[in-house]
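Here are my notes after a look through this one, point by point. Have the structure open while you read.

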Amino acid sequence: MGRDQALLADDAHLHPAQALAARLEVDPQTGLTSEQARQRQGLYGENRLPEPVPRSLIRRVCDQLSDFMVLVLIAAALLSGFIGDVADTVAIAVIVLLNAAIGLTQEWRAERALDALKRLAGAHATVRRDGCARAIDTVHLVPGDVVLLEAGNLVPADLRLHQAAQLRVDESMLTGESVTVEKHIAHLPAGDHPLGDRLNMAFKGTLVSHGRAEGLVVATGSKTELGRIAGLLRDTGARSTPLQLRLADFGRRLSLVVLCICGLLFGIGVLRGEPVLLMALTAISLAVAAIPEALPAVVTVLLALGARRMVKVNALVRRLPSVETLGSVSVICSDKTGTLTQNRMRVQVVEYPGGGTPQPLWTAAVLCNDAGADANGAWVGDPTETALVEAAQASGADPHAVRSAQPRLYEWPFDAARKRMSTLHREGQGWVVVVKGAPETLLPRCARVAAGQRETALDVAQALGVAATMAEQGLRVLALARRSCAQDPSGQSSDAVESDLVLLGLVGLADPPRPEAKAAVADCRGAGITPVMITGDHPATALAIARELGIAEAGSTVLTGPQLAALDDIALQRLAGDVCVYARVDPAQKIRIVRALQSQGRFVAMTGDGVNDAPALKQADIGVAMGRGGTDVAREAASLVLLDDNFASIVAAVREGRRIFDNIRKFVRYAITGNSAEIWTLVLAPLMGMPIPLLPLHILWVNLVTDGLPGLALAAEPAERGVMQRPPRPPGESLFAGGLWQHVLWVGLLIAALCLGVQAWALTTGMHWQTMVFTVLTLSQMAYVLAMRSESESLFTQGLSSNWPLAGAVLSTFALQLAVIYVPPLQKVFRTEALAPGELALCLACAAVVFATVEAEKWLRRSARRSTEAAKPRQETVTGHSTRVP
């Protein structure tokens, strides 16, 4: 195994699989040993594609200081120091560096959160090691590993196939060919073969669309075909979310306004006779403080931290924009099995329509089955298949002996269109095909039914009636059948083989609803979200479970796949808003359901786990894949992955998404309100005939201590009460909807009015007017951040303890402001004077006015809402509407 893996991969397709296994020093039946894998990992490294070199600390610091207005400020400060005011230059430089440090901290927190999500989202592969199949992280694959593939898998490395059963692979990302490629295991003749012609190879990053296979790893990481072109495929940079783009555009427009105001301030000051350099520093400092260039970056931090927090509710975010859009979800289309139910199948009922015997049925259940035993002897695999094997074992059958006596020779894998699976085995001198599938697709293909040791004609309608009765009890029903063949039928199509069958029996499996699902459905309805069940199960089974969970009501009906297929798009759009249960739906029809709901203006979340679910997951506004039972293809297409495959986790993620968007909105409101207060104060003072109220250093300090810790602490704000009792947010709704603009305007003017009022009064009474304005502006913003934590709920109801980081940030800012006022060395730097107790009390009183006024606004909102809610029943009585009011 001393050969370079790049050379090995180059000609792996030219050699028989057995010869290649010998060169790789591995037995395909047992795989590598753990020790061999460990040694090869050290030799070849991890199975990762090349990644960009991370930015250095110096580059990060330079990026923080590269904003044009910050550079202008630094230049002006250096000029001031050159003229003679060195203290101001040093102080401004320190504050600029502190701001850069806060920016670096924000960036580090966001990157750490996103890296943690990336590690959680890491792909896994099934390999054979030490003689057992096990799932490992794909980064730990090494040359010589035996990888097991099935439909829905992403190929984790470059593989030389040595077993394949009807394997088809989508290689479009490598070759550009949209048609899936059918693979085989034979070696190719010597010569130059393009990638698309190497039919015995499966390449890293391609998708298994059908069948199953085993292959030997011949190349990993940068040595794979995908790794060789990774430089071309690598993203050019991080993509901004829609909210970040909107905020960046808003910031650019607001920056122009702020620059005009700063120019106006500079002109007014110079005309009044103020020193030109002082006014330049003041105008530039105001521009640096008031231009919201950091808003998109802060939103990144809030989204990344929110995404990391979502992991705690078992929701893994794969695409950051989905965090901000979760609050707009108005319909959740969910699978039934494993998401709304426990996915713990147990055989409850077995029916023999012809009076057959158990032994043939359980033999068929074991043979036409992909469940396997782990190292401890427990059955693992699809819950339905493990339930069948366990029931067969309980009936007295020995699954291992049955499979050993009749090994599988060929298979026609399950697919969503047929809703059947078939396997081929030897029986005596001939062959037998064993079939398992949905009753309505399998029973019409049965001509006879087993009746003891003989066979009789099957009454298909009667058998379908038995299956329907079982389904009405909430059972998942499967039919099992067989067909004896004198000749080997492996070359025939599934349609030809799955005909003229002998029915063995019907098996009813129970999958009870998850205990938390009913409460989650109720939460959905309270939040204005419509839960919809989409399943491949029998209509009666689906309706029984939907009624038990509260998804469907007594008079609700089911729309089946065949019925849906008969509807054109316009008819489906008319019906979609009233249908809450879809049954016997194949994955291809899911995309029609999503589009029909979206045409009504609904914002749709769609769950999926299979290969064919990927288009619907991409079409949905929020695609939700299963983390446990889902395929790699579904996870790649989804924007959210459920780590526990639980419907309640979707609802929890929606709740968390609403909280995160609320907190982004709160931060934007807080930051812009504070900035507007600073602008109004500085611009209106000279227009009113008063001196410029703040020095450049004061402006930068206020920006540092108010926008820094208190603003970021809003990310820790818990969800407001009733967050899931309000309707979804319209997807196109502006961040400034709901009166936010008006609120920013009047609160900014209020703070400015208090500052100017204190300045005017202090100038006439001989008090420390500049220090007082400086303090009022800082403390008013601290009072405001406490009052604006909720748009309607009082702080006295919320309590300070519900957000300790914010309470700590406010106290820290208050302590720092007092230090600037009363500590002599800081007094010299900031040119402040110690305030008398009465002066400080007046500053605190002004801050209290801001707090009380915002609390009064919230009281008016609550009163208006109570009046509206009280009027609703009376309005409905008058108009005769039958709308149910919660």
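This is a predicted model: local features need pLDDT of at least 70, side-chain atom pairs count only at pLDDT 80 or more; totals for chains, interfaces and linings use all residues.

1. The largest nonpolar core has 118 residues, and V329, I332 and F647 are the ones that touch the most other members. Helix 27 (residues 647-687) is the top contributor, giving 18 residues to this core.

2. Some overall numbers. The protein chain has 35 helices and 25 strands, and 52% of its 886 residues are buried. Among contacts with a separation of 6 or more, 72% are between residues 24 or more positions apart. The chain exposes about 37700 Å², with carbon and sulfur atoms supplying 59% of that.

3. Have a look at helix 31 (residues 769-787). Its 19 residues reach 26 Å from first C-alpha to last, close to the 27 Å expected at 1.5 Å a residue. Helix 31 is also mostly covered, with 18 of its 19 residues buried.

4. On to the charges: the whole structure holds 36 salt bridges. In one of them, E171 pairs with K183, with the closest N and O atoms 2.5 Å apart. E171 lies in the loop between strand 4 (158-170) and helix 7 (172-175), while K183 lies in the loop between strand 5 (181-182) and strand 6 (201-202), 12 residues apart. Both ends are covered: E171 counts as buried at 1% relative accessibility, and K183 counts as buried at 6%.

5. R309 is partly exposed, at 34% relative accessible area, whereas E656 is buried at 8%. E656 also forms a salt bridge with R659, where the closest N and O atoms are 2.7 Å apart. Because they are three residues apart in helix 27, E656 and R659 are separated by about one helical turn. Both E656 and R659 are buried.

6. For a salt-bridge network, see R212, D370, R408 and E411, which are linked together.

7. Last, the surface. V90, V94 and L98 form a nonpolar patch there, with about 240 Å² of accessible area together. L98 sits in helix 6 (residues 86-120) and is partly exposed, with a relative accessible area of 41%.

Key:
Residues are numbered from 1 along each chain as its sequence is written. Side-chain values use heavy atoms; hydrogens and water are left out. A nonpolar core is a set of buried Ala, Val, Leu, Ile, Met, Phe, Trp, Tyr and Cys residues joined through side-chain atoms within 4.5 Å. Buried means under 20% relative accessible area, exposed over 50%, partly exposed in between (1.4 Å probe, protein chains only). Helices (H or I, at least four residues) and strands (E, at least two) are DSSP runs, numbered from the N terminus. Patches are made of residues with over 30% relative accessible area and no salt bridge: like charges are joined within 9 Å, nonpolar side chains (Val, Leu, Ile, Met, Phe, Trp, Tyr) within 5 Å. Accessible areas come from the Shrake-Rupley method with a 1.4 Å probe; for residues, only the protein chains shown count as cover. A salt bridge is a side-chain nitrogen of Lys or Arg within 4 Å of a carboxyl oxygen of Asp or Glu. Contact means heavy atoms within 4.5 Å. The expected span of a helix is 1.5 Å times one less than its number of residues.
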